[in-house]
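Please keep the structure open while reading.

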Amino acid sequence: MTTRVLEPADLPAALEVLERDPIANAFVAARVAIAGLDAWRLGGEMWGWYEGGRLQALCYAGANLVPLSAGPEAVAAFAERARRQGRRCSSIVGPAEATAQLWSLLEPAWGPAREVRPNQPLMATWEPSAEIAPDPRVRRVRRDEMDLLIPACVAMFTEEVGVSPLAGDGGLLYRARIAELVSTGRAFARFEAGKVVFKAEIGAATPQACQIQGVWVAPGHRGRGHSESGMAAVVEHALREVAPVVSLYVNDFNTVARAAYRRVGFSEVGTFMSVLF
């Protein structure tokens, strides 16, 4: 049993691991599909854990540390590598069992965390909502609407994560990420009077699954059903044009959002955990 940094030649074996759970692995699988395993293009290293000479588990080590298909032995090996390297990530996130073990091993060296979210339901749907009609005014964001979208994205991120995405580099990387989503047609919003009322992005997409992120309703418009009808519109588009299953993960304490997603047709298929620094 051993771990090492994967190289481009390891791509077929890595894809085989990622395809074991296309819903839970969608975020990393989408990055690998675009960038391969070259660390510079991928935005981080991909660590592999081998047993009997076969690749069995992965850990993405970039802005996030993400264990994938990792049992206890693999997690322990990834934790040792991460401890030796030192913390370079802003969060640890992934399937709850592996992430919890990884954090328990790293906390003595990396702690304390700014926040730990141990129970984040992973939800998915395979069909358009049978209960909620999609909002016809939710549409793709155009490139010339970036300046209208960015304030809503910053507000969402700050509410969700607790820090502004504009800190550090002044938001250059964050703006570039939003611009990428807009340019690829994966950012959606409802506008009223030149302001965003509802927004969401398809943050990760593979042929097997896609993942919605950044769901946000402007404070003055909350409680009016925009999150449900808006999500129904995004899900309908995603299922028609992107992938056969749409997923997202949500904080367990956000009971309003969880209920809204269930009404749109999502059901729980797993649990994620996040450790924020």
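Alanine 200 touches Arg186, Ala187, Phe188, Ile212, Gln213, Gly214, Val215 and Val234, not counting residues up to four places away in sequence; contact here means heavy atoms within 4.5 Å. The model is predicted, so local features need pLDDT of at least 70 and side-chain atom pairs count only at pLDDT 80 or more, while totals for chains, interfaces and linings use all residues. Residues are numbered from 1 along each chain as its sequence is written, and side-chain values use heavy atoms, with hydrogens and water left out.

Alanine 200 is part of strand β9. Helices (H or I, at least four residues) and strands (E, at least two) are DSSP runs, numbered from the N terminus. With a relative accessibility of 0%, alanine 200 counts as buried. Buried means under 20% relative accessible area, exposed means over 50%, and partly exposed lies in between (1.4 Å probe, protein chains only). One of the residues touched by alanine 200 is Gln213. The two are 13 residues apart in sequence, and their C-alpha atoms are 6.1 Å apart in space.

**Helix α6 and helix α7**

Two packed helices are described by the angle between their axes and the distance between the axes. Axes are lines fitted to C-alpha atoms, for helices over the stretch in contact, and angles run from 0 to 180 degrees between N-to-C directions. Helix α6 (residues 146-161) packs against helix α7 (residues 172-183) at an angle of about 120°, and their axes are 11 Å apart. That angle makes α6 oblique to α7. Angles under 35 degrees count as roughly parallel, over 145 as roughly antiparallel, 65 to 115 as roughly perpendicular, and the rest as oblique.

The crossing of α6 and α7 is right-handed. A crossing is right-handed if the near helix is turned clockwise from the far one by less than a right angle, and left-handed if anticlockwise. On the α6 side, the residues that meet α7 are Met146, Asp147, Leu149, Ile150, Cys153, Val154, Met156 and Phe157; on the α7 side they are Tyr174, Arg175, Ile178, Ala179 and Val182. This contact holds eleven nonpolar, no polar and two charged residues. Ala, Val, Leu, Ile, Met, Phe, Trp, Tyr, Cys and Pro count as nonpolar, Asp, Glu, Lys and Arg as charged, and the others, Gly among them, as polar.

Which residues of α6 are buried? They are Met146, Leu149, Ile150, Ala152, Cys153, Val154, Met156 and Val161. These buried residues pack against α7 and also against β6 (115-125), β8 (187-192), β9 (195-205), β10 (210-217) and β12 (267-276). An α-helix has 3.6 residues a turn, so residues three or four places apart point the same way.

The 16 residues of α6 reach 22 Å from the first C-alpha to the last, close to the 22 Å expected at 1.5 Å a residue. The expected span is 1.5 Å times one less than the number of residues. Glycine 162, with a positive phi near 95°, follows α6. Glutamate 145 lies in the loop between β7 (139-140) and α6, and with 5% relative accessibility this glutamate counts as buried. Apart from neighbours within four places in sequence, glutamate 145 is in contact with Arg139, Arg140 and Phe191.

**Helix α8 and helix α9**

Helix α8 (residues 226-241) and helix α9 (residues 255-264) pack at about 50°, with axes 9 Å apart. α8 is therefore oblique to α9. Their crossing is right-handed. Ser227, Glu228, Met231, Ala232 and Val235 of α8 make the contact with Ala260, Tyr261, Arg263 and Val264 of α9. By class, these are six nonpolar, one polar and two charged residues.

**Backbone exceptions in loops**

Most residues other than glycine have a negative phi, and most peptide bonds are trans.

| Residue | Phi |
|---|---|
| Serine 69 | near 50° |
| Alanine 193 | near 50° |

Serine 69 lies in the loop between β4 and α4 and, at 31% relative accessibility, counts as partly exposed. Alanine 193 sits in the loop between β8 and β9 and, at 84%, counts as exposed. The peptide bond from glycine 111 to proline 112 is cis, with omega near -5°. Proline 112 is in the loop between α5 (96-110) and β6.
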